[in-house]
Amino acid sequence: MSVLESLLTAFEVFAIVYFAVLSLLYSGFAFIGLRAVILESRQTSDTELRDLLERDVFKPVSVIVPAFNEEGSIVAAVQSFITLHYPKFEVIVVSDGSTDGTMDRLIEAFALVEEPRVWARTLPTQPVTRVMRSLREPGLVVAEKTNGGKADAVNAGINLARYPLIAPVDSDCLLDAQAILRATRNFVKDDTVIAVGGTVRPLNGATILDGRPAELRMPRRWVERLQIVEYARAFFLGRAGWSRMGALLIISGAFGIFRRDAVLRVGGLWTKTLGEDMELVMRLHKEFARARLPHRIVFSPDPICWTEVPSDLPSLLRQRSRWHRGLWTNLWRHKDMLLNPRFGRLGMFAVPYFWLFEGLGPIIEVLGFVSLLVSAALGVLDLNVFWLFLTLAVLHGMVLSQVAAGVEAMLLQRYASTSDRLILFAASLVEFLGFHQLVALERFFATFQSGRRRRQWGAMPRTGIPPASVPSPSHVGHRIGR
């Protein structure tokens, strides 16, 4: 046996062991996450939410909406935010140097006027050029600032925020009417909770009525359908499992709620990463662990944030490349947490997992397939090794996607149409027949590009949310600032 053949065999054995361990871990996460979702769906009722309001123990929330060139959807998004079912909150829109008609649309839609305001600039940001308030909506504030990126815009919003809880929400998203109420109950039930992440769901294919998805239908493009499966698996199985184990490292930047004092304690969002959401969570864990302060960061499956996902493959691949580069930046910045018993199960389990399986996973997966191709070309491919690798790397992922699709379609009953449910289950099979491998290849190359100059706003083509889909002021039952 030649040296090359020996190396190929050794790597193939390593890859099989690697994917066997990963499959066992995924199965564990799936079991824990599925159980958590089922328990949460049974325990949370409208009665509990009404009781929360009647006991007057809710905490006011500042919803922060960073925006850059969002003229197509900004009015509809803001309308959906100001009609949330919550007793006391404000909405702060921060236009981060938009060059399109974002500000003009906001001024016209909400009758904005400049307001001389003095506020504490606790977090350093690019200059805020003007602050405006709405003549129609007392709790709506719009700030315009010099471009500094999404994280910088959120920091500016935190400076302006008046309330103890802050909820950064992407400007191309819609929130479920009870999203804030369902998420904030975690802060009421447990004083040690410092952050809560909700579920992000693809909006593509939905019919929008009164600023909310009224009917979910599977989108026409397969690239959108496959992302529905991805999101279901990531949130209902992955993050639910990590949260149950007390080792959650990511709260989606699209929607999360944080204690404002905790975020200020760690210096706000870091502006030099593409993954500011994950970096903030890691820094919160680190700071509170070092100070020996009790804290919990949790995921709650029922607060829903709806977002428009990429509808074409090039935009999707650029997005995943950006996410992976942000992952490596954050892991490297907090490398002192790796295998550090001081941080408990985070340092000894969660962070090593993200290094080994999330960060290095695409490299091992791509090289594993390459080694099989080389072995086949040399005529030394062992079919037993081939089928074992394929089973672990592909078929197990299909099974987990089927479970996630089942949670989405059956337990949570998102899709009423039988044909849509069948398409969802079909997508969970098709995902690992080329699509997953293509995304892994993009992440493989992104691993070696993490030092490239970073873009702070991930632009992608969007259809936007039609303004006609949002409620008019005369039809609003719950309003901000009341």
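1. Helices (H or I, at least four residues) and strands (E, at least two) are taken as DSSP runs, numbered from the N terminus. The model is predicted, so local features need pLDDT of at least 70 and side-chain atom pairs count only at pLDDT 80 or more, while totals for chains, interfaces and linings use all residues. Residues are numbered from 1 along each chain as its sequence is written, and side-chain values use heavy atoms, with hydrogens and water left out.

2. Helix α1 (residues 3-43) holds F14 and Y18, which are 4 residues apart and thus separated by about one helical turn. Aromatic rings of Phe, Tyr and Trp (its six-membered ring) pair if their centres lie within 6.5 Å; planes under 30 degrees apart count as stacked, over 60 as edge-to-face and the rest as tilted. The structure holds 22 aromatic pairs. F14 and Y18 form a tilted one, at 6.1 Å centre to centre and 40 degrees between the planes.

3. F14 is partly exposed at 41% relative accessible area, and Y18 is buried at 5%. Both belong to one aromatic cluster, whose members include F11, F19, F29, W242, F349 and F389.

4. An open sheet of mixed pairing is formed by 10 strands, in the order β3-β4-β5-β2-β1-β6-β11-β8-β12-β7. Two strands pair if DSSP finds at least two bridges between them. β3 (112-114) and β7 (173-175) stand at the edges with a single partner strand each, so one side of each has no neighbour in the sheet.

5. V113 stands opposite R133 in β4. Helix α7 (residues 222-244) packs on the sheet and touches β8 (193-202) and β12 (296-307); its direction makes about 160 degrees with that of β8. Contact here means heavy atoms within 4.5 Å.

6. Strand β6 (residues 165-168) is covered on both faces: L165 and A167 on one side, and I166 and P168 on the other, are all buried. β6 runs parallel to β1 (residues 61-67), with 4 bridges, and antiparallel to β11 (residues 256-259), with 2 bridges. I166 is opposite S62 and has F258 as its bridge partner in β11.

7. A nonpolar core is a set of buried Ala, Val, Leu, Ile, Met, Phe, Trp, Tyr and Cys residues joined through side-chain atoms within 4.5 Å. The largest has 119 residues, and V63 and I180 have the most contacts inside it. I180 touches V61, V63, L84, Y86, A167, L175, F255 and I257, not counting residues up to four places away in sequence. Apart from this core lies another, of 21 residues, among them W306, L317, A409 and V439.

8. Helix α6 (residues 179-189) is largely enclosed by the rest of the structure, because 9 of its 11 residues are buried. Among the buried residues are I180, R182, R185 and F187.

9. Two arginines are placed over tryptophan rings (NZ of Lys or CZ of Arg within 6 Å of the ring centre and within 35 degrees of the ring normal). The charged end of R121 sits over W119, 4.1 Å from the ring centre. R225 lies over the face of W222, at 4.7 Å from the ring centre.

Technical notes
Buried < 20%, exposed > 50% of the residue type's maximum accessible area, 1.4 Å probe, protein only. Axes fitted to C-alpha atoms, helices over the stretch in contact; angles between N-to-C directions.
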